[in-house]
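My notes follow in the order in which I looked.

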Amino acid sequence: MDHIAHWIGGAESTGTSGRVAPVFNPATGRQIAEVGLASAAEVDAAVAVAKEAAAQWRTASLSKRSAVLFSFRELLAARSGELAEIVTREHGKVLADAAGEIARGLENVEFATGIPNLMKGSFSEQAATGVDVYSIRQPLGVVAGVTPFNFPAMVPLWMCATAIAAGNAFVLKPSEKDPSAALFLARLWKEAGLPDGVFTVVHGDKEAVDAILANPDVVAVSFVGSTPIAKYIYETGTAYGKRVQALGGAKNHMIVLPDAELDAAADAAISAGYGAAGERCMAISVVVAVGDIADPLVEAIAARLPTIKIGDGADPSSEMGPLISAQHRDRVAGYIEAGAAEGATVVADGRSEDLPGGGFFLGATLLDNVTPSMTVYTDEIFGPVLSVVRVDTYAEAVRLVNDNEYGNGTAIFTRDGGAARQFQFDVNAGMVGVNVPIPVPVAYYSFGGWKASLFGDTHMYGPDGIHFFTRGKVVTSRWPDPGTSSIDLGFPQTR
Ligand code: NAD
């Protein structure tokens with residue numbers, strides 16, 4: 001049985017806790033490895049190594065850091081195929097989708113290569129007579145990332161590229177369900193010339209995360225995962241005095257106005273509802289059909305479902321892979337049952353499809369006539385279950401989105417520019433698509449939701465990422481001529 005080790009001080013470290021967790025290939029349902037689960041003592045030892053590395057790394061010049069980022073970018077681009085295979089083997093998503101997440105992660109690395117520009121401060125000459133004032137941004141020290149199973153390469157890259165470029169040491173606690181991508185990234189960082197200890201991987205579960213939160217040398221924690229854990233991380237981390245950004249779950253609505261291009265809307269609903277088997281925080285899980293487009297839209301979505309090819313993600317012809325675990329598959333299937341019991345119309349039932357045996361597969365499910373009080377509407381399902389809510393007006397559609405607990409992404413499909421602009425103005429969500437179903441911002445903007453989809457005030461990566469992983473300092477400076485100083489107990493004046 002393969003053992004997946006930690007990465008501490010630039011080398012694999014097998015760990016001493018004696019605790020391990022199984023890692024499965026979700027397409028076969030078979031265990032393929034075990035991963036060590038770090039104890040609090042192991043986390044503390046890893047952080048101590050990272051702390052020493054951080055003290056050195058912050059002294060590296062901006063061009064040196066940028067050069068390491070460029071090398072890492074080249075290595076990652078060259079070896080993205082291998083990484084995609086690892087992601088597919090442990091997560092289950094199809095190879096093309098795994099390659100897609102790596103490509104989006106690569107964008108964050110490319111953004112971070114511009115660190116000399118991104119770290120620039122500002123300078124005011126002659127703020128008072130003979131006095132200059134300037135601002136600089138400095139790294140924090142040791143920062144940590146705790147990441148979810150659903151993007152085992154992209155989400156760590158969202159965090160580590162910026163954190164490391166900014167001069168921090170980064171400790172990653174990846175999901176224990178698909179931990180190998182993190183180790184692959186660690187090896188690439190080393191090959192790119194990153195000093196040992198600047199990128200660390202500690203695998204683990206709650207014990208390791210709690211140790212990260214409690215360790216006084218970890219200055220900031222960036223988290224992505226489900227809302228209850230995000231809230232816990234935010235509350236606990238800030239109680240320890242840390243800087244925390246914690247991105248949580250989602251329930252993303254796609255509003256389809258009566259004038260929308262029907263085929264484009266149906267294609268988008270399929271792509272965003274069932275891509276990665278619905279295990280994306282930006283997946284569309286609710287289609288809000290406004291007015292008389294509902295019947296033809298449901299028909300068009302239903303007609304497309306049988307064309308989705310479900311299979312092992314490693315088979316290039318597969319379009320939708322399995323779910324992450326048997327337990328999660330059963331939980332998602334339970335929602336189909338619940339939806340039917342609560343009065344939703346089951347247009348397509350993923351349980352009744354002819355699915356590949358062995359793995360954690362579930363077919364694409366479409367529920368119509370869903371209402372806001374049903375659990376299929378209120379809960380984040382995180383699987384290939386798309387709900388259709390029918391409303392009469394645009395105002396009702398916006399109210400649905402705004403009343404929802406979550407506010408990650410949302411999209412509107414329409415040919416009316418005025419309606420789209422009004423939607424962008426009205427809607428309470430952090431990321432909005434106009435005829436774009438999965439509006440994940442490009443790397444030079446920042447990613448983040450509102451409401452229960454994000455705890456904290458900075459979004460992830462891009463300009464907010466630089467802000468999160470650095471702190472500001474303002475220097476007020478005078479170089480007086482000898483003999484010109486005097487004592488003045490008054491408050492400093494500028495005029
Ligand atoms: P999760 O919350 O179960 O786990 C996320 C991380 O937290 C993992 O590293 C896990 O080991 C750790 N963890 C789990 N339980 C913990 C506990 N009790 N105490 C401390 N740490 C704990 O999430 P997941 O199932 O891995 O990922 C899916 C979830 O992530 C979905 O809710 C999805 O919407 C969300 N997500 C959100 C975004 C976003 O950008 N908002 C992006 C991707 C995924």
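**Terms for the search.** I worked on a 1 Å grid over the protein atoms alone, where a pocket is an open set of points with protein on both sides within 12 Å along at least five of seven lines, and a cavity is a set of points where a 1.4 Å probe fits but cannot get out. A residue counts as lining if it has an atom within 4 Å of a point. Grid points are joined across faces, edges and corners, and a volume is the space filled by probe spheres set on the points.

**Source.** I note that this is a predicted model, in which local features need pLDDT of at least 70 and side-chain atom pairs count only at pLDDT 80 or more, while totals for chains, interfaces and linings use all residues. Residues are numbered from 1 along each chain as its sequence is written, and side-chain values use heavy atoms, with hydrogens and water left out.

**Largest pocket.** I found a volume of about 1,000 Å³ for the largest pocket. Its lining has 44 residues, of which P148, F149, K177, G225 and S226 are the closest to the centre. I then looked up which element gives the largest share of this lining, and it is α9, with five residues; helices (H or I, at least four residues) and strands (E, at least two) are DSSP runs numbered from the N terminus. By class I listed 22 nonpolar, 13 polar and nine charged residues in the lining, where Ala, Val, Leu, Ile, Met, Phe, Trp, Tyr, Cys and Pro count as nonpolar, Asp, Glu, Lys and Arg as charged, and the others, Gly among them, as polar. Why does the largest pocket lie between domain 1 and domain 2? It lies there because domain 1 (2-248 + 453-475) and domain 2 (252-434) both give residues to its lining, with the bounds taken from an automatic or database domain assignment.

**Ligand.** Of the 27 residues around the ligand, T147, K173, E176, S226 and E380 come nearest. For polar contacts I took pairs of N or O atoms within 3.5 Å. A polar side-chain atom of S226 is 2.6 Å from a ligand oxygen atom, and a backbone N or O atom of G225 is 3.2 Å from an oxygen atom of the ligand. On the nitrogen side, a polar backbone atom of G248 lies 2.8 Å from a nitrogen atom of the ligand.

**Second largest pocket.** I read a volume of about 480 Å³ here. Among its 18 lining residues, A128, V131, R478, P492 and Q493 are the closest to the centre. The strands β6 (122-128), β7 (131-139) and β23 (470-478) each supply at least two residues of this lining.

**Cavities.** How many cavities of 30 Å³ or more does the structure hold? I found four. The largest cavity has a volume of about 120 Å³, and of its 16 lining residues the closest to the centre are G278, R280, A283, S285 and F382. In the second largest cavity there is about 60 Å³ of space, and its lining includes W7, W189 and F199. Helix α7 (residues 180-191) gives three residues, the largest share of that lining.

Technical notes. A residue is near a molecule or strand if one of its heavy atoms lies within 4 Å of it. A polar contact is a pair of N or O atoms within 3.5 Å; within protein, one must be able to donate a hydrogen and the other to accept it, and residues adjacent in sequence count only if both atoms are side-chain atoms.
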